[in-house]
Amino acid sequence: MNELTKKTEFFGGCPHDCPDTCSMIFNVEDGVVKGVRGNPDHPMTRGGLCVKLKDYEKRHYHPDRVLYPMRRTGPKGSKQFERISWDTALDEIVSRWKTIINEHGPQAIIPYSYLGHQGLVHGLNGGDAFFNRMGATVCERTFCGEGSCTAWLLTVGPTAGVDPESYIHSKYIVIWACNSVSTNLHHWAIVKEAQRSGAKVVVIDSYASRTAKEADWHICPKPGTDGALAMAVINSIIDQGLVDQDYVDNYTSGFDALKGRASERTPEWASEITGVPADDIRKLARELATAQPAAIRIGVALERHHGGGQTIRAVSSIPALTGAWRHVGGGITQFPVWEHPYKFDVICRPDLIPEGTQVVNNLQIGRALLGELDLKVPIKSMMCWNSNPVTQAPETDKIVEGLKSDDLFLVSAEHFISDTASYADIVLPASMGAEMEDMILSWGHLYLTYNAKSADSPGEAIPNNEIFRRLAAKLGFEEENFKWSDSECLENYVDWESPACEGIDLEYMRKNGFARLTVGTKDDRAPHKEGNFPTESGKCMFEVPGATNFVAGPFRQMYDDLQPGEPLDPLPDYTAPRESPATNPLLAEKFPLNIISPKSHGFLNSCYANMEHKIKGQGEQFVMISAFDAEARNITEGDRVQVANQRGAFKGVARITEDVNPGIVVATLGYWRQLNTGTVNSISSAEFTDMGHAPSFSDNLVEVTRTN
Amino acid sequence: MPHIVTDNCQSCRFTDCVSHCPVECFHEDDERLYINPDVCVDCGACIPACPVQAIYDVVDMPEDKEPWIKVNAERSKNLPVIMSKQEPLPTAERRRTELGL
């Protein structure tokens with residue numbers, strides 16, 4: 001590892017909602033970030049960033065950046081604000097909150113954040129201690145991967161699984177529901193390296209994503225049917241006599257029950273549901289079992305339909321059936337963050353939460369604001385940071401209606417007047433990545449990543465954590481943690497004494513920018529070679545007797561009361577989507593097309609989708625549609641089209657392509673509502689999937705019509 | 001909106017770009033390299049790697065480079081992928097000097 005060569009260079013960590021968490025180097029002149037590049041010494045970043053981050057500094061100094069605290073002066077949503085001082089802004093917030101607390105109690109206030117910044121200090125959980133101390137409604141945040149977490153924890157426990165870097169040793173790689181080329185680029189480079197060394201790369205996705213096009217084999221199940229495919233793979237592994245019986249006998253639990261369940265889930269059965277030929281399913285099963293080491297990389301999209309949790313239960317059972325875990329580069333990868341040593345109880349302070357505090361899930365914020373949920377205390381104020389629900393959450397029209405209510409006091413800490421901040425009563429200018437010290441968590445590799453405060457914030461912007469420090473002081477919160485500096489937070493938030501941190505401390509991070517956790521190396525890590533799953537039994541749990549539904553702690557402020565709690569099927573199985581022509585023919589009469597809404601290549605969620613050159617690169621909102629479906633609707637290439645269902649509508653440009661099969665349309669996420677007509681989430685359902693209150697973004701029927 | 005290799009690559013073919021590309025989008029002939037616009041992910045990692053500043057983002061390039069968009073798109077379709085860095089052409093250093101780089 002090199003140290004920085006110039007005094008004007010600082011280590012950065014990409015704070016965006018992406019598994020790659022790149023180590024970066026900021027070039028700073030006269031206190032201004034002039035450029036950014038990938039850290040060439042980082043084994044995953046390898047000196048390259050991505051289309052979003054390559055000119056990261058431009059976002060910091062964008063002319064539309066919010067520079068001062070502001071108070072709304074026009075109607076909600078009019079984007080009419082006046083500049084006020086920080087003291088005035090904070091006094092007004094505290095005064096309004098005190099009034100609300102006096103009238104309704106603290107649960108009338110809800111925090112709303114997500115991974116708009118992935119820092120330990122300023123990110124997902126940065127405000128949790130503050131709002132837990134207040135006694136506010138706990139916000140359950142399940143945008144992305146939380147159903148997957150529940151299924152993963154039930155099956156294999158909190159393991160990082162296969163090191164993404166170990167894929168260079170894999171001979172068979174399955175990328176399941178992940179468009180790595182656009183959303184996990186630095187892992188894709190490793191997959192390509194393995195491919196050059198002879199590995200076969202299989203991509204399973206319901207449309208021909210950029211990644212699928214680069215695969216040796218693209219398997220294309222109908223949306224929401226991956227669980228049927230996975231169950232049939234299990235069936236076929238057993239049927240073809242390819243089970244590693246020694247591994248199963250010693251390191252798994254519930255094989256006989258799984259075998260019984262899978263016995264009727266034949267490739268022929270799955271073929272009817274998925275559209276994948278039965279022989280292809282047998283071939284996939286055979287190759288997954290015999291081409292070792294075989295590794296499966298699941299993407300967050302795998303959970304985004306009604307049966308998402310069960311799908312991941314099934315998929316994460318496969319490596320234990322085949323004994324893939326015996327090998328370096330064999331097994332499955334979900335989120336390596338499970339082996340990152342963070343002290344979430346210190347970060348979130350769940351001990352401060354009053355007993356019986358109500359929970360609202362952030363996907364259903366529209367329903368909550370409109371009084372459609374059975375809440376003990378109605379929501380009268382929301383503070384939103386690191387998140388933009390109007391663009392990113394489902395049932396957008398309900399959210400907008402809720403945010404327009406004069407009865408709601410909305411505080412937004414933001415970089416720009418986003419689609420959500422447009423409705424704020426008070427807007428607070430938040431610092432951006434290079435302007436504040438933090439360490440950035442990664443759900444895609446096994447490195448700690450440091451981000452130095454490299455430049456001052458423009459205007460009067462301050463870091464999120466400073467906002468909460470100031471609010472805590474004004475509310476008289478005396479707990480020590482509300483007085484910690486950002487550096488002190490880092491000292492306290494990471495378990496530096498854990499074995500994974502051997503030889504690493506904060507000074508090391510400052511000096512080196514990143515540090516590999518001591519959890520084995522890419523060349524020797526085989527964490528479950530002999531079982532050792534971090535489950536209660538120490539085994540891979542095919543069957544989990546008595547399992548109930550829950551959301552993992554970091555996604556609900558570490559609050560463990562009032563979990564969903566409903567009983568779960570102890571065994572993996574296929575749970576059909578709610579909205580598909582096969583399962584809901586009545587709805588499909590009106591809305592016959594399934595829509596998938598993956599992330600845009602050129603945006604990061606809604607970040608960058610307000611920047612002219614990024615929009616130019618990404619292109620305007622498009623709707624990919626098959627020639628068959630286009631012809632049936634008299635749609636030609638480039639036509640303006642409306643995509644609609646019972647929940648809402650958005651507009652885009654038709655792109656007729658063979659990349660989607662008949663019956664499916666694809667429109668990517670992130671475009672701003674204020675720059676477009678609706679967004680893809682206007683049509684998304686806020687119904688949860690089967691586990692972890694995950695979103696059902698890929699379980700929606702729509703109709704497409706020509707509008708020009 | 002991809003990246004493109006332009007005229008400075010001619011007679012150089014340093015190929016440092018290839019080892020910085022995460023997606024194998026470079027194609028080669030004996031003279032120079034071309035970027036497949038359908039595979040390029042616009043990460044920009046290749047731009048600083050090129051010793052002769054031959055690579056541009058089409059969103060941000062001089063107007064006189066525009067013809068290279070078509071050249072890259074057409075030529076890359078029929079040429080093999082180059083997967084690793086190779087020796088520059090014998091004329092590379094002379095060409096670099098001529099270019100003042």
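Visitor: Which domains does chain A have?

Guide: Chain A is assigned domain 1 (70-144 + 340-516), domain 2 (146-334) and domain 3 (585-706). The bounds come from an automatic or database domain assignment.

Visitor: Anything to know about the model and the labels?

Guide: This is a predicted model, where local features need pLDDT of at least 70 and side-chain atom pairs count only at pLDDT 80 or more, while totals for chains, interfaces and linings use all residues. Residues are numbered from 1 along each chain as its sequence is written, and chains are lettered from A and ligands numbered from 1 in the order in which they are written.

Visitor: How many residues of domain 2 of chain A are in contact with domain 3 of chain A?

Guide: On the domain 2 side of chain A there are 23, in contact with 21 residues of domain 3 of chain A. Contact requires C-beta atoms, placed from the backbone, within 7 Å. The centres of these two domains, taken over C-alpha atoms, are 27 Å apart.

Visitor: Which helix supplies the largest share of that domain 2 side?

Guide: H4(A), with 5 residues. Helix H4 (146-155), helix H5 (180-183) and helix H13 (308-315) of chain A each give at least two. Helices (H or I, at least four residues) and strands (E, at least two) are DSSP runs, numbered from the N terminus.

Visitor: What does S16(A) pair with?

Guide: Strand S15 (residues 381-385) of chain A pairs with S16(A) in the parallel sense over 5 bridges, and A:Trp385 stands opposite A:Ala413. S16(A) is also joined by 4 bridges to strand S17 (residues 426-429) of chain A, again parallel, with A:Ser412 opposite A:Val427. Pairing needs at least two bridges found by DSSP.

Visitor: And what is the strand order in the open sheet of 3 strands?

Guide: The order is S18-S19-S20 (chain A), with antiparallel pairing.

Visitor: Why is one side of S18 and of S20 left without a neighbour in the sheet?

Guide: Strand S18 (438-440) and strand S20 (514-516) of chain A are at the edges with a single partner strand each, so one side of each has no neighbour in the sheet.

Visitor: How many bridges join S19(A) to S20(A)?

Guide: There are 3 between S19(A), residues 447-451, and S20(A). A:Leu448 has A:Ala515 as its bridge partner.

Technical notes
Contact = placed C-beta atoms within 7 Å.
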